[in-house]
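Subject: Structure handover and notes

Hi,

Here is the structure for your set-up. My notes follow below it.

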Amino acid sequence: MAEPLPIVLVPGLLTSWRLYAEQLSALWQHGPVTIADNTRDDTMAAIASRILADAPPRFALAGLSMGGYICFELARQAPDRMARLALLDTTARPDTPELTQRRHAQIALARSGRFAEIADQQFPLLIHPSRHGDPAVRELVRLMASETGAEAFIRQQQAIIGRPDSRPGLGAIGCPTLVLVGDGDQLIPPELSAEIAAGIPGARLVVVAGSGHLTPLDQPEQVTKALVEWLQA
């Protein structure tokens, strides 16, 4: 049996450890699992530095959406510490002016005391339409947002707005890489994952059927299978 490999999972914007709850038991069989903290800093560089300070010397790294942006920064800061990389529902591109404008509007909403509205606003973009009527998954999205909190959400959005273009560094990523995306992701469409996979040597692209942006919630079994295969490859 292969030596256990520590695994670091990075949540996305407004999500918590619960994003990966359905995957934890399967991943734990391959090595100790840590959920990274992406809530305390307002730049990608600072978030990545904090994660590296707490991370094992060498580890497998997976991140979804904002978690993927953080993974790219970790790859820049400490490429030799990453044994494997999984990029879920993310993009290597910088923020667009339209998205930045939307983020500033959400920051203003959070500062005005209306933070609780943001999870419900985002819900249709996060979850596949087939589950929009599921009260349990809607409540889970609300719970993760409340666990994040308004102040951390503002810091996260500021970090996302200021993130660099990661496309120039894709070719330098040398570890086994999984790129995974929901076929119905409305926030970061599948073609942006295909772009990442084409840029990283030997990367494997997996498109998850029947899933929106939060693939580990929408299709947990498919995502768990892909992550286990990534760890075993």
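Which exposed residues does the face of α2 turned away from its buried side carry? They are A53 and D54. Exposed means over 50% relative accessible area, buried under 20%, and partly exposed in between (1.4 Å probe, protein chains only).

First, the ground rules. This is a predicted model: local features need pLDDT of at least 70, side-chain atom pairs count only at pLDDT 80 or more, and totals for chains, interfaces and linings use all residues. Residues are numbered from 1 along each chain as its sequence is written, and side-chain values use heavy atoms, with hydrogens and water left out.

Helix α2
Helix α2 spans residues 44–54. Helices (H or I, at least four residues) and strands (E, at least two) are DSSP runs, numbered from the N terminus. M44, I47, A48, I51 and L52 are buried in α2. They cover an arc of only 130° around the axis, so they sit on the same side of α2. The arc is taken from the directions from the helix axis to the C-beta atoms. The cover over these buried residues includes β1 (7–10), β3 (59–64), α3 (66–77) and α7. Contact here means heavy atoms within 4.5 Å.

A78 lies in the loop between α3 and β4 (82–88). Its relative accessibility is 11%, so A78 counts as buried. A78 and L52 are 26 residues apart in sequence, and 8.1 Å apart in space, C-alpha to C-alpha.

Rings
There is one aromatic pair. The ring centres of F115 and F153 are 5.7 Å apart and the planes are at 55°, so the pair is tilted. The cut-offs: centres of Phe, Tyr or Trp (six-membered) rings within 6.5 Å; planes under 30 degrees apart are stacked, over 60 edge-to-face, the rest tilted. F115 is in the loop between α4 (97–111) and α5 (116–126), and F153 is in helix α7 (residues 150–161), 38 residues apart. Both F115 and F153 are buried.

R163 lies over the face of Y69, at 4.0 Å from the ring centre. The test is NZ of Lys or CZ of Arg within 6 Å of the ring centre and within 35 degrees of the ring normal.

Cavity
The largest cavity holds about 30 Å³ of space. On a 1 Å grid over the protein atoms alone, a cavity is a set of points where a 1.4 Å probe fits but cannot get out; lining residues have an atom within 4 Å of a point. Points are joined across faces, edges and corners, and the volume is the space filled by probe spheres set on them. The lining includes M44, Y69 and R163. α3 gives the most to that lining, with three residues.

Best wishes

Notes: On a 1 Å grid over the protein atoms alone, a cavity is a set of points where a 1.4 Å probe fits but cannot get out, and a pocket is an open set with protein on both sides within 12 Å along at least five of seven lines; lining residues have an atom within 4 Å of a point.
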